[in-house]
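Please study the entry shown here.

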Amino acid sequence: MRFERSSGILLHPTSLPGPFGIGDLGSEAYRFIDFLEASGQKLWQIMPLGPTGFGNSPYSSFSAFAGNTLLINPELLIKDDLLDKDDLKGAPRFHRERVDFAKEIEFKNRLLARAFENYRRANDAGIGEDLKEFNQFASDWLDDYALFRALQEAASGASWDVWKTELRRREPKAIEAARRELHEKIEAQKFFQYLFFKQWLHLKAYSAKKGIKIIGDMPIFVAYDSADVWAYPELFKLDWDGRPTVVAGVPPDAFSKTGQLWGNPIYNWDRMRETGFRWWIKRMHAALQTVDIVRVDHFRGFAATYEISVNDETAEHGHWVRVPGRELFAALKQSFHNLPIIAEDLGTITPDVHHLRDEMGFPGMRVLQFAFGGDPRDTHLPHNYNQNTVVYTGTHDNDTVIGWFASKQQQSEIAEEPEAKESEADRALRYLNTDGSEIHWDFIRAALASVADIAIIPLQDLLGLGSDARMNLPASHKDNWAWRFKSGALDDQLSQSLKEMTELYGRG
């Protein structure tokens, strides 16, 4: 599927400003959409919206289907008579520009529990009918997810692989007993999901009204400690006790001598094929109910997956195993009239991945920060793009442009023989024909001016922020995903500057 020439901003909702410790689906989200419209943008790219687990990463979720209840806005709950203003008293003092996830989880869970109590006490018939409709909307996944989270809470948050054997193996009598015993906790989890989707879908409708499409993000793999693996163990390569036999990662490369050991369970693709890829079809259906376009992460994993023994401590000794990606996408195309997918095809990519991407007609990704290694044929350089491409100044895994440029300049200064090789920073200056005083705008201009159908700018780059605003540092587990922008940062001057450049290059 080809996309119209357009541009947009990458910003996860958690990074929005606001008084409640984390960006959410309240008034600041609507103001951001207004800013996009005023700036001539047509796209808002986000990260996965699922409930986050260890490390608070959007890419490690308890469900491939459910929503992150930390994004629920308390003021909208007051408006719906599910909370009172007094319920917000005693809230912790939150940092305005960083998310304190531990503090936030405790605060938001308390409010949601109170909202559920108030709903039960009021016995609101209108919400009751809405809940019935939501249960139908989410019927593919809600029962399993709500039971999983209730069991998880009863086990003090322990991973499902250490639950009682009969619950790990989902023995029917044990599951039925758990549903009876944990009935209220299960209903609470369903209620929390109802609140999330009510707020999100209302925001999505507002975005559509303003002419803004939302690009979502679908990680190829799911977390082991998730409702998906617990509910459908036969779809994954697990042993008789439900533990992975192989896990996902990538092999050693220039960035890591031992590779990356992600630890996600690997799909049992033979079983997926036998079911007609039913789970994937349900997953894509749920995603397209929630967003307009889906960026599929680690697209190369649909040609072959790098499997690592569960006993290995690094990714050095894994091996590639071919998977039926072509059959999967054929099944998805048969199920959907349109399949609006962006293929994340970054990293070391083999020809079979390119063939799969091109055969399916999906646009690939290019990142300007990767462009200045010295080869004029580098695919990340704008003069090498084709139209069916999505260009980024950087992604959530990159430093900001300002931070990247500063680090490359520093590397050049401390090099033993700086005259022997032109630095990436110098090549960027020469290629972009700039003195680097506003390097972030130089990168934005290059992205918008390129022939790529879509150009996406992380908000940090639009604001010209340094490394302190970085969203994620891969292979690290501290201080990631916590950045928030300052209230008032999106002023009229910034909007006008972006709009003028967007219109100049035909993306308005």
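**Reading the chain**

Q: Which residues count as buried, and what share of the chain do they make up?

A: Buried means under 20% relative accessible area, exposed over 50%, and partly exposed in between (1.4 Å probe, protein chains only). Buried residues make up 55% of the 508 residues in the chain. This is a predicted model: local features need pLDDT of at least 70, side-chain atom pairs count only at pLDDT 80 or more, and totals for chains, interfaces and linings use all residues. Residues are numbered from 1 along each chain as its sequence is written, and side-chain values use heavy atoms, with hydrogens and water left out.

Q: How many helices and strands does the chain have?

A: Helices (H or I, at least four residues) and strands (E, at least two) are DSSP runs, numbered from the N terminus. The chain has 18 helices and twelve strands.

Q: Where is Asn 56 found, and which residues does it touch?

A: Contact means heavy atoms within 4.5 Å. Asn 56 lies in the loop between strand 2 (43–45) and helix 2 (74–79). Not counting residues up to four places away in sequence, Asn 56 touches Phe 101, Ile 105 and Trp 481.
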